[in-house]
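Good morning, colleagues. Please keep it in view as I speak.

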Amino acid sequence: MTVKDALAKATVDFKENKIETPVKEAGVLLAFVLKKDVSWLYAHPEYCIGHEDLMKFDAYVKNRCNGMPFQYITDSQEFMSLDFYVNQHCLIPRPETEILVNEALKWLNEYSTGKVRVLDIGAGSGAICVSVAHYSQKTIIDALDISEDALTVAMVNAKRYHVESRIKFINADLTHWENEEPYTVILSNPPYIPRKEIDTLMTGVKDYEPLTALDGGLDGLEFYRHISSRIKRLMTFDGAAFFEVGMGQAEQVMKMFADQGLKSTVFKDLAGIDRVVHVYF
């Protein structure tokens with residue numbers, strides 16, 4: 001089968017399964033299989049695809065039609081201009097989380113001096129901790145996650161960007177873990193989806209991404225209740241914390257920290273939604 005025919009067939013399959021950008025995804029996926037640029041495909045429409053590559057492409061197209069996220073097929077997701085390895089043991093990094101990382105980096109550049117101890121809660125793929133370590137050389141990070149499999153992914157990404165010497169990966173549940181000394185910066189994109197809403201999420205999310213990274217308890221605020229009750233033991237007096245929140249949750253989360261005597265501000269995402277809560281004394 002030629003490149004032209006394979007792309008045409010995949011595009012039809014994607015359209016039938018309501019994939020949003022069928023032509024683009026068909027091209028990117030075939031380019032991934034053939035290890036070529038998309039531009040090469042359109043310059044060589046009559047190129048005959050080998051049997052092994054064609055079988056692989058067909059399998060990937062089927063997985064995509066069944067709802068598997070594109071990132072889990074290619075094992076890759078761009079975040080903070082870095083290419084992260086991802087698989088189904090970790091949440092796919094989202095653009096919204098870049099706001100958290102960028103605001104934390106701004107704070108580190110403006111307010112902190114010397115080596116800075118950072119805690120990343122729910123490290124997942126390592127998108128947050130690896131990005132912070134990569135762009136801020138003064139950081140020394142503890143990255144905590146309940147999933148050992150997710151931490152394995154994070155370690156791959158830390159090694160990819162040569163920051164593994166400054167990140168300590170800790171396999172533990174925050175509710176049963178105690179810190180030895182406080183951190184200057186605390187970061188987290190925690191699970192914040194209300195449990196009853198998980199079944200309403202897109203197939204690619206609810207059927208493929210890890211439930212532990214999505215389920216925020218009955219009202220989605222379980223993590224914030226716990227962290228707000230411990231924040232004074234976790235964070236230094238001159239420190240700062242940055243937490244991603246779901247739509248409509250920022251005000252409630254800010255009140256939880258206010259009840260503990262802390263101040264907070266909020267940063268919006270590109271859609272104008274309150275997305276990151278910045279907490280400080």
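Let me begin with threonine 74, which touches Leu29 and Phe32, leaving aside residues up to four places away in sequence; contact here means heavy atoms within 4.5 Å. Threonine 74 sits in helix 5, residues 70-74, where helices are DSSP runs of H or I with at least four residues, strands are runs of E with at least two, and both are numbered from the N terminus. Its relative accessible area is 11%, so threonine 74 is buried; buried means under 20%, exposed over 50%, and partly exposed in between, with a 1.4 Å probe and protein chains only.

A word on the source. This is a predicted model, in which local features need pLDDT of at least 70 and side-chain atom pairs count only at pLDDT 80 or more, while totals for chains, interfaces and linings use all residues. Residues are numbered from 1 along each chain as its sequence is written, and side-chain values use heavy atoms, with hydrogens and water left out.

How do helix 1 and helix 2 lie relative to each other? The axes of helix 1 (residues 3-16) and helix 2 (residues 22-34) come within 8 Å and cross at roughly 130°; axes are lines fitted to C-alpha atoms over the stretch in contact, and angles run from 0 to 180 degrees between N-to-C directions. Helix 1 and helix 2 are therefore oblique to each other, the class left once angles under 35 degrees (roughly parallel), over 145 (roughly antiparallel) and 65 to 115 (roughly perpendicular) are set aside. On the helix 1 side, the contact includes Leu7, Phe14 and Lys15, and on the helix 2 side Val23, Leu29 and Leu30.

Lysine 15 belongs to helix 1 and, at 53% relative accessibility, counts as exposed.

Next, the loops. Lysine 18, in the loop between helix 1 and helix 2, has a positive phi near 60° and is exposed at 73%. Serine 81, in the loop between strand 1 (76-79) and strand 2 (82-85), has a positive phi of about 65° and is exposed at 63%. Most residues other than glycine have a negative phi.

Finally, valine 130 touches Phe84, Tyr161 and Ile167, among others, not counting residues up to four places away in sequence.
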